[in-house]
Amino acid sequence: MLASQLELLTAWLLFGLVVVALVACGLVGGLFLPLLSLGAVLGLLVGRAWLPDVPAVACIGIGACCMLAAGYGTPLTAIALAVSSFGATSAAWATVVGIVLATSVAGERSVSVYQ
């Protein structure tokens, strides 16, 4: 299991470097899916490491929404995505808390300023 997590982390880092290189080169179009993908994998990795009892689907959704909120600076869109995905459940509320934290950490920085 540890080997698969290391492979997943390596793939996440490489994909993240490619996305950062594209943004640095000025090719910013189409970052919605890369941000969701990076967030989903990171959510899965963090969830498996720290919260093994939480379902993998919840970890993936929470990570994707948090990365979307922090990367694009769109917390309301991420909250809408979380509520439409999870409904009015505890997973949606956990996602809202994660979105608030991710947005607070990101601050005013966003990839949307480069578009």
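Helices here are DSSP runs of H or I with at least four residues, numbered from the N terminus, while strands are runs of E with at least two. The model is predicted: local features need pLDDT of at least 70, side-chain atom pairs count only at pLDDT 80 or more, and totals for chains, interfaces and linings use all residues. Residues are numbered from 1 along each chain as its sequence is written, and side-chain values use heavy atoms, with hydrogens and water left out.

**Exercise 1. State where Val46 lies, how accessible Val46 is, and which patch contains Val46.**

Step 1. Find the helix. Val46 belongs to helix α2, residues 32–50.

Step 2. Learn the classes. Buried means under 20% relative accessible area, exposed means over 50%, and partly exposed is in between (1.4 Å probe, protein chains only).

Step 3. Classify. Val46 has 35% relative accessibility, so Val46 counts as partly exposed.

Step 4. Learn the patch rule. Patch residues have over 30% relative accessible area and no salt bridge; like charges are joined within 9 Å, and nonpolar side chains (Val, Leu, Ile, Met, Phe, Trp, Tyr) within 5 Å. A salt bridge is a side-chain nitrogen of Lys or Arg within 4 Å of a carboxyl oxygen of Asp or Glu. Areas come from the Shrake-Rupley method with a 1.4 Å probe, and for residues only the protein chains shown count as cover.

**Exercise 2. Describe how α3, α4 and α5 cross one another.**

Step 1. Learn the geometry. Axes are lines fitted to C-alpha atoms, for helices over the stretch in contact, and angles run from 0 to 180 degrees between N-to-C directions. Under 35 degrees counts as roughly parallel, over 145 as roughly antiparallel, 65 to 115 as roughly perpendicular, and the rest as oblique. A crossing is left-handed if the near helix is turned anticlockwise from the far one by less than a right angle, and right-handed if clockwise.

Step 2. Pair α3 (residues 56–72) with α5 (residues 90–106). Their axes come within 8 Å and cross at roughly 30°. The two are therefore roughly parallel. Their crossing is right-handed.

Step 3. Pair α3 with α4 (residues 75–86). The axes come within 8 Å and cross at roughly 160°. So α3 is roughly antiparallel to α4. The α3 and α4 crossing is right-handed.

Step 4. Pair α4 with α5. Their axes are 9 Å apart, at an angle of about 165°. So α4 is roughly antiparallel to α5. The crossing of α4 with α5 is right-handed.
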